[in-house]
2 protein chains.
Amino acid sequence: MAQNIYDDDSFFSGYSTLARSVKGLDGAGEWASIRALLPPMAGLRVVDLGCGFGWFCRWAREAGAAAVLGLDLSEKMLAKAAQDTSDPAITYGRADLDRLDLAPGAFDLAYSSLALHYLASLEAVMAAVHAALVPGGHFVFSVEHPIYTAPTQPGFVTGDDSRRVWPLDAYLIEGRRVTNWFAPGVVKHHRTVASYVTALLSAGFTLTALQEWGPSAEQIAEHPSWADERQRPPFLLVAARRG
Amino acid sequence: MAQNIYDDDSFFSGYSTLARSVKGLDGAGEWASIRALLPPMAGLRVVDLGCGFGWFCRWAREAGAAAVLGLDLSEKMLAKAAQDTSDPAITYGRADLDRLDLAPGAFDLAYSSLALHYLASLEAVMAAVHAALVPGGHFVFSVEHPIYTAPTQPGFVTGDDSRRVWPLDAYLIEGRRVTNWFAPGVVKHHRTVASYVTALLSAGFTLTALQEWGPSAEQIAEHPSWADERQRPPFLLVAARRG
């Protein structure tokens with residue numbers, strides 16, 4: 001079972017102040033890139049793994065999805081998500097993504113934003129998603145980029161020549177990484193880009209897109225502090241289809 | 001046209017001393033991993049893009065390939081490759097991988113070891129390889145890992161806490177990287193992992209394997225200096241099939 005850090009009071013308070021929590025999808029720099037990986041939403045049955053405050057679930061319905069199931073481990077997030085909609089075609093439920101129990105062939109699209117790097121193993125979730133999709137169904141997800149999760153001491157450092165560099169180490173050494181982010185002891189599970197891809201292929205998916213997201217020049221002009229993100233990508237975006 | 005650094009006297013002399021030049025495939029740490037990505041070789045028509053001294057071409061024939069075409073830009077390497085075989089089913093030819101001209105459907109396997117990162121663009125070579133393969137044909141290649149090619153100042157540094165870190169920067173800033181390696185001014189072209197994968201998918205290939213190679217514990221026991229390579233992977237290994 002993944003750590004339920006989102007229900008920690010300090011973490012929840014801090015996380016709730018992020019632009020992506022306040023403004024929703026448009027507050028997330030990578031959203032336009034993820035949206036471009038999604039199929040036309042009209043009529044789709046959608047499951048959102050790690051739905052958080054439900055921003056994507058509501059967007060999916062507005063974009064024409066027939067029904068959306070939002071799953072999360074955090075009771076606090078689910079409570080807020082439920083509060084923010086009265087759409088009967090959106091259902092929220094509590095679930096541990098390590099032990100996902102979905103009806104076979106029940107969905108046309110599985111979506112997951114920045115959740116899978118909290119899981120110690122991908123095997124179960126990949127198999128569960130594959131089985132839950134119809135043939136030809138789509139799986140689109142983002143995770144913290146392995147370059148971002150790898151270091152034993154994450155954080156940019158400035159060298160003698162005043163260049164900002166990311167102190168990469170332990171990239172091929174997969175496993176737990178404990179950081180302090182809104183709360184002490186946040187547990188993530190580092191794995192390589194290849195491990196994400198291999199887990200997909202092993203589960204029977206066909207890879208259709210892989211993106212290492214960083215801000216555009218326009219985004220950096222608007223948010224100058226984002227420039228660092230082009231030095232090392234913060235997010236990995238992946239799209240795949242069930243064969 | 002890619003830089004022909006391999007015909008530079010200093011570079012050629014230096015490169016010729018590497019274990020992979022002297023001992024061949026077994027002198028290359030990543031060879032066992034690449035070999036595991038290859039299809040059974042019996043009867044295959046093979047093209048090797050950047051064949052160097054011809055070690056892979058000779059191995060392919062010993063492993064049962066019907067015919068092997070080895071292509072390289074370096075006249076010095078091709079001369080040595082030609083000297084080292086009298087097998088009439090191995091043909092060597094000089095070629096610029098940027099302007100590959102291969103007969104349609106003439107090959108069952110295209111192989112390339114540590115060559116494609118010298119090319120400014122992948123589009124032409126991917127299209128040429130796709131057209132040169134039979135449907136179902138295999139494309140297996142290795143390149144210097146994007147984490148390895150990205151930095152503006154490549155080379156491990158030791159931090160205050162005596163950890164060795166790789167000073168990653170400019171990962172999302174693709175393009176020329178000039179390094180000194182056996183000769184000054186060696187030109188490589190950095191691109192992201194996602195760009196390699198996207199180039200393959202855009203050309204019509206299906207990705208079948210992606211590996212970020214680093215040495216095993218056994219290899220590190222034998223070559224202790226290789227331990228750094230687990231901090232940041234030196235090579236990216238890719239396998240794909242023509243649909």
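**View 1. Strands β2 and β3 of chain B in the predicted model.** In this predicted model, L69(B) faces T91(B), which lies in β3(B). The two residues belong to a pairing in which β2 of chain B, residues 67–72, and β3(B) run in the parallel sense over five bridges. Packed on the sheet is helix α5 of chain B, residues 75–83, which touches β2 and β3 of chain B and whose direction makes about 165° with that of β3(B).

**View 2. The open sheet of chain B.** Seven strands of chain B make up an open sheet with mixed pairing, and their order is β3-β2-β1-β4-β5-β11-β10. The edges are taken by β3 (90–94) and β10 (205–213) of chain B, each of which has a single partner strand, so that one side of each is left without a neighbour in the sheet. From one strand to the next the twist averages 15°. In general, the strands of a sheet are paired through backbone hydrogen bonds, in either a parallel or an antiparallel sense.

**View 3. Strand β1 of chain A and its partners.** Because four of the five residues of β1(A) are buried, this strand is largely enclosed by the rest of the structure. β1(A) runs parallel to β2(A), to which five bridges join it, and within this pairing V47(A) has L69(A) of β2(A) as its bridge partner. The path of the chain leads from β1(A) through α4(A) to β2(A), a β-α-β crossover that is right-handed. β1(A) also runs parallel to β4(A), here with three bridges, and D48(A) is found opposite Y111(A) of β4(A).

**View 4. Helix α4 of chain A and its surroundings.** Helix α4 of chain A spans residues 55–62, and its buried residues are W55(A), F56(A), C57(A), R58(A) and A60(A). After α4(A) comes G64(A), which has a positive phi, near 110°.

View 5. The same surface serves both copies, since 100% of the contact residues of chain A recur in chain B.

Technical notes. Residues numbered from 1 in each chain as written. Chains lettered and ligands numbered in written order. Predicted model: local features only at pLDDT ≥ 70, side-chain atom pairs only at ≥ 80, totals over all residues. Contact = placed C-beta atoms within 7 Å. Pairing = 2+ DSSP bridges. Axes fitted to C-alpha atoms, helices over the stretch in contact; angles between N-to-C directions. Buried ≥ 20, exposed ≤ 12 C-beta atoms within 10 Å, placed from the backbone. Right-handed = clockwise from strand over helix to strand, strands pointing away.
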